[in-house]
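Here are some friendly notes to read with the model open beside you.

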Amino acid sequence: MLELRPNCECCDKDLPPEAEDALICTFECTFCADCVETVLGGVCPNCRGNFSARPIRPTAMLKKYPASAKRVLKAEGCGPRKAA
């Protein structure tokens, strides 16, 4: 089941389940569209993968499969990782 995280890992913006500007990578890292475009350059700082729009779970299904309440925030900042 896809984990619908409640916030952008970069700027901590609220991203409720119906947010149209929530983007995820293949590991479900969650960022807002603004941070993906202006800070991350379209590359996930955690896995170096790309992003896709996070699907919107229908309201009826949210009752059975609720969104996560656990907020994730990158303590070290969210700029793109430098190549080693």
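Buried means under 20% relative accessible area, exposed over 50%, and partly exposed in between (1.4 Å probe, protein chains only). This is a predicted model, in which local features need pLDDT of at least 70 and side-chain atom pairs count only at pLDDT 80 or more, while totals for chains, interfaces and linings use all residues. Residues are numbered from 1 along each chain as its sequence is written, and side-chain values use heavy atoms, with hydrogens and water left out.

1. Let us begin with the backbone at Asp12. Asp12 is not a glycine, yet it has a positive phi of about 70°. This residue sits in the segment before strand E1 (22-24); helices (H or I, at least four residues) and strands (E, at least two) are DSSP runs, numbered from the N terminus. With a relative accessible area of 31%, Asp12 counts as partly exposed.

2. You will find Glu28 in the loop between E1 and strand E2 (30-32).

3. Now the disulfide, meaning a pair of cysteine sulfur atoms within 2.5 Å. A search of the whole structure finds 1. Cys10 and Cys78 form it, with their sulfur atoms 1.7 Å apart. The pair links distant parts of the chain, 68 residues apart: Cys10 is in the segment before E1, and Cys78 is in the segment after helix H2 (59-64). Cys10 is buried, at a relative accessible area of 17%, and Cys78 is buried as well, at 10%.

4. Cys25 counts as buried, with 5% relative accessibility.

5. Cys32 is buried, with a relative accessible area of 3%.

6. Finally, the aromatic rings. Rings of Phe, Tyr and Trp (its six-membered ring) pair if their centres lie within 6.5 Å; planes under 30 degrees apart count as stacked, over 60 as edge-to-face and the rest as tilted. The whole structure holds 1 aromatic pair. The ring centres of Phe31 and Phe51 are 5.6 Å apart and the planes stand at 85°, so this pair is edge-to-face. Because Phe31 lies in strand E2 and Phe51 in the loop between helix H1 (33-38) and strand E3 (52-53), the pair ties together parts that are 20 residues apart in sequence. Both Phe31 and Phe51 are buried.
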